[in-house]
Amino acid sequence: MNDFVQPPDSGGTSEATHQQPRHRLLKMAAWFAAGITVLLLLLAVTATILLNSVRFHAYLLNTVQKQASESLGVPVALQNFTLHFSTLSLDLYGLTVSGANPYPNPPILQVQHANVGIRVVSILHRKWYLDNFRIDQPVVQVFVDKSGVSNIPKPKSSNSKSNTTIFDLGIRHAVLDRGEIFYNDRSSPLSADLHNFDLHAAFDSSQTKYAGKLSYAGGRLVYGTFQPLLHDFDAQFDATPTTLHLTPAKISSGASQIILAATLTNYSNPSVQANYEVTVDGGQLAKIFDNPSIPAGLVRASGSAQYHQVANRSALDALVANGDLTSRQIAVNTATAHASISNIAAHYSLANGDVLLHDFKASLLGGELTAQGSMKSISGDSHTNLNASLRGISLAEARN
């Protein structure tokens, strides 16, 4: 008998020996994956059974309402909710947030329906994002009394600090459909009603950027005893964590409108670059302010503006603007004068709270009116200096 142990064969027997640990690892991985899958299925089935339980559903509903109410400091009511495991989404129905005391009614927020969908990228690495966020027919009602007390809730401060932003959430598709906003500030006094408020936005993760459209129709703005200003708003936008672009935004009311293309950088210390086109209907302004002495006709202004917030300076003092003023014709009708002024053109500038008027020209009474002027400190103790001349007028036209 030969007790000497023969060395292993360098051929197939060695390769089979090396493959055994590998097969064991693969078999263990397969068993582990199968076990995790079964566990997740059991959890999903258990959760589905619990959520379909009327008692457990009511318990969750009451818990959500209680925690939300404690967090906001006002009563929060939710009629119902539905959780969809197949799509990882949640539907909320009949959400009502009461106003803060002493004005709990009407509610500050009412939402008929909201939907939130989550997309999981990796369970192991805890990577996920909001795939869908939709709010249908929200109604916001803000009230401020003459003393400046509002119905806006003051959420309780939390000890845990979160740096999560809307850009971290990365909402791939956001929709706000047919919203309404009512604002009544009796201390100003200012009130506003906005109807058909719509928001559509999409998120580009490669650029960390939202892009979309914001609009409303039938807006009604009232200040003091002035007539209501009915208007529409429409804006295209994109936003990153550092920059917001409006390309463009448009406010229109009858023949009057404002078109604005702007770039805002540094949200904490805003800096704005903008180009604008403004058309004002004098006849419309005369009706709003109930002042027939305001000249009738269309006046257009276009140019650029820059703004950078500066400590201890008013917004007007920090604003820089340059532009051109034109009008084909305006009609002046007052108790003492009736005249038509045409071919109006001028340049203007605003800087450090001072307004300068350059090269003003207009046709009047068959002649030409020219002017230069300035207004100093428009945000404070302002004073005006104007130099004007009128040449080649016709007395015959003046009498007509």
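**Terms and values**

Mentor: The largest pocket has a volume of about 440 Å³. This is a predicted model, in which local features need pLDDT of at least 70 and side-chain atom pairs count only at pLDDT 80 or more, while totals for chains, interfaces and linings use all residues. Residues are numbered from 1 along each chain as its sequence is written, and side-chain values use heavy atoms, with hydrogens and water left out.

Trainee: What makes a set of points a pocket, and what is its volume?
Mentor: On a 1 Å grid over the protein atoms alone, a cavity is a set of points where a 1.4 Å probe fits but cannot get out, whereas a pocket is an open set with protein on both sides within 12 Å along at least five of seven lines. Grid points are joined across faces, edges and corners, and the volume is the space filled by probe spheres set on the points.

Trainee: Which residues line the largest pocket closest to its centre?
Mentor: Lining residues have an atom within 4 Å of a point. There are 14 of them, and those closest to the centre are Leu-325, Tyr-348, Val-355, Leu-357 and Phe-360. Strand β15 gives the largest share, three residues. The elements that give two or more residues are β11 (271–281), β13 (319–333), β14 (338–351), β15, β16 and β17 (383–391).

Trainee: How many residues of this lining are nonpolar, polar and charged?
Mentor: The division is 14 nonpolar, no polar and no charged. Ala, Val, Leu, Ile, Met, Phe, Trp, Tyr, Cys and Pro count as nonpolar, Asp, Glu, Lys and Arg as charged, and the others, Gly among them, as polar.

Trainee: What makes a segment a strand or a helix here?
Mentor: Both are DSSP runs numbered from the N terminus: helices are H or I with at least four residues, and strands are E with at least two. By that rule the protein has six helices and 17 strands.

Trainee: Why is the pairing of Arg-134 and Asp-136 called a salt bridge?
Mentor: The term requires a side-chain nitrogen of Lys or Arg within 4 Å of a carboxyl oxygen of Asp or Glu. The N to O distance between Arg-134 and Asp-136 is 2.8 Å, so the pair meets the definition. Asp-177 also forms a salt bridge with Arg-134, the closest N and O atoms being 3.9 Å apart. That pair links distant parts of the chain, since Asp-177 is in strand β5 (residues 173–185) and Arg-134 in strand β4 (residues 127–144), 43 residues apart.

Trainee: Which residues form the network around these bridges?
Mentor: Arg-134, Asp-136, Asp-177 and Arg-178 are linked in a network of salt bridges. A search of the whole structure finds five salt bridges. One of them joins Asp-354 and Lys-376 at 4.0 Å, N to O.

Trainee: What makes the phi value of Arg-178 worth a remark?
Mentor: Phi of Arg-178 is near 55 degrees, a positive value in a residue other than glycine. Arg-178 lies in strand β5. Asn-352 also has phi near 55 degrees, but lies in the loop between β14 and β15 and is exposed, with a relative accessible area of 55%.

Trainee: Which residues is Ser-374 in contact with?
Mentor: Contact means heavy atoms within 4.5 Å. Leaving aside neighbours within four places in sequence, Ser-374 is in contact with Val-355, Leu-356, His-383, Thr-384 and Asn-385. Ser-374 is in strand β16 and is buried, at 15% relative accessible area.

Trainee: Where are the cis peptide bonds?
Mentor: One runs from Ser-188 to Pro-189, with omega near -10 degrees, and Pro-189 lies in the loop between β5 and β6. Another joins Thr-247 and Pro-248, with omega about -10 degrees; Pro-248 is in strand β9 (residues 243–253).

Note on methods: Buried means under 20% relative accessible area, exposed over 50%, partly exposed in between (1.4 Å probe, protein chains only).
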